[in-house]
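Here are my notes on the model you sent over. Have it open on your screen as you go through the points.

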Amino acid sequence: MKIVFTVITLISFAFLGSTHSNKDDVETELRKLVQTWDEAYVKSDTETLGGLLADEFEFVGGPKKADYLASFKTRQIAVASAVSSDLKVQVYDDAAIVTGLDTITIKKDDQNQVTKWLYLDVWIKRGGRWQCVKTYSAPLQSR
């Protein structure tokens, strides 16, 4: 009886361990995708951004995918950096919510201007890859 219990316990721990590891892998992947988005935003890399965003992507109360990508062609500001921090990732099978703080630095009149945006992204895994379907962002209010 002890052997059966030990085997069942070991199998349970192995299963739980692999599930936890998989969740960690997904969180790491999503964190990298957020970093890729930030880098593409700085470079106005609409090809990379287009791959990160699902066809039905849109900002809550804002542009849809096509309009967001088109805005880079007419962008008249130089973005020096975009860095996401305070990331929190919640994974639900083939869906995930990512929240964070994006610090964006732009160059205007040879001076840096920094804005901070709180955001929430909804990501869906389709065809083996993650794509963002919805984003909500709002400026960080001074406390």
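This is a predicted model: local features need pLDDT of at least 70, side-chain atom pairs count only at pLDDT 80 or more; totals for chains, interfaces and linings use all residues.

1. Residues are numbered from 1 along each chain as its sequence is written, and side-chain values use heavy atoms, with hydrogens and water left out.

2. Take Thr103, which is found in strand E3. Thr103 is buried, at a relative accessible area of 19% (buried means under 20%, exposed over 50%, partly exposed in between, with a 1.4 Å probe and protein chains only). Setting aside neighbours within four places in sequence, Thr103 is in contact (heavy atoms within 4.5 Å) with Ser81, Ala82, Val83, Val114, Thr115 and Lys116.

3. Now the loop between E3 and E4, where you'll find Asp109 and Asp110. Phi is positive in Asp109, near 55 degrees, and in Asp110, near 60 degrees; neither is a glycine. Asp109 is exposed, with a relative accessible area of 69%, and Asp110 is exposed too, with 76%.

4. On to the inside. As for Trp37, not counting residues up to four places away in sequence, its partners are Leu49, Leu52, Leu53, Phe57, Tyr68, Asp121, Trp123, Cys132 and Thr135.

5. Last, the largest pocket, which holds about 430 Å³ of space. Of its 19 lining residues, Tyr41, Phe59, Asp102, Ile104 and Ser137 are the closest to the centre. A pocket here is an open set of points on a 1 Å grid over the protein atoms alone, where a 1.4 Å probe fits, with protein on both sides within 12 Å along at least five of seven lines; lining residues have an atom within 4 Å of a point. Points are joined across faces, edges and corners, and the volume is the space filled by probe spheres set on them.

6. Which element gives the most to that lining? E4 does, with 5 residues.

Key:
Helices (H or I, at least four residues) and strands (E, at least two) are DSSP runs, numbered from the N terminus.
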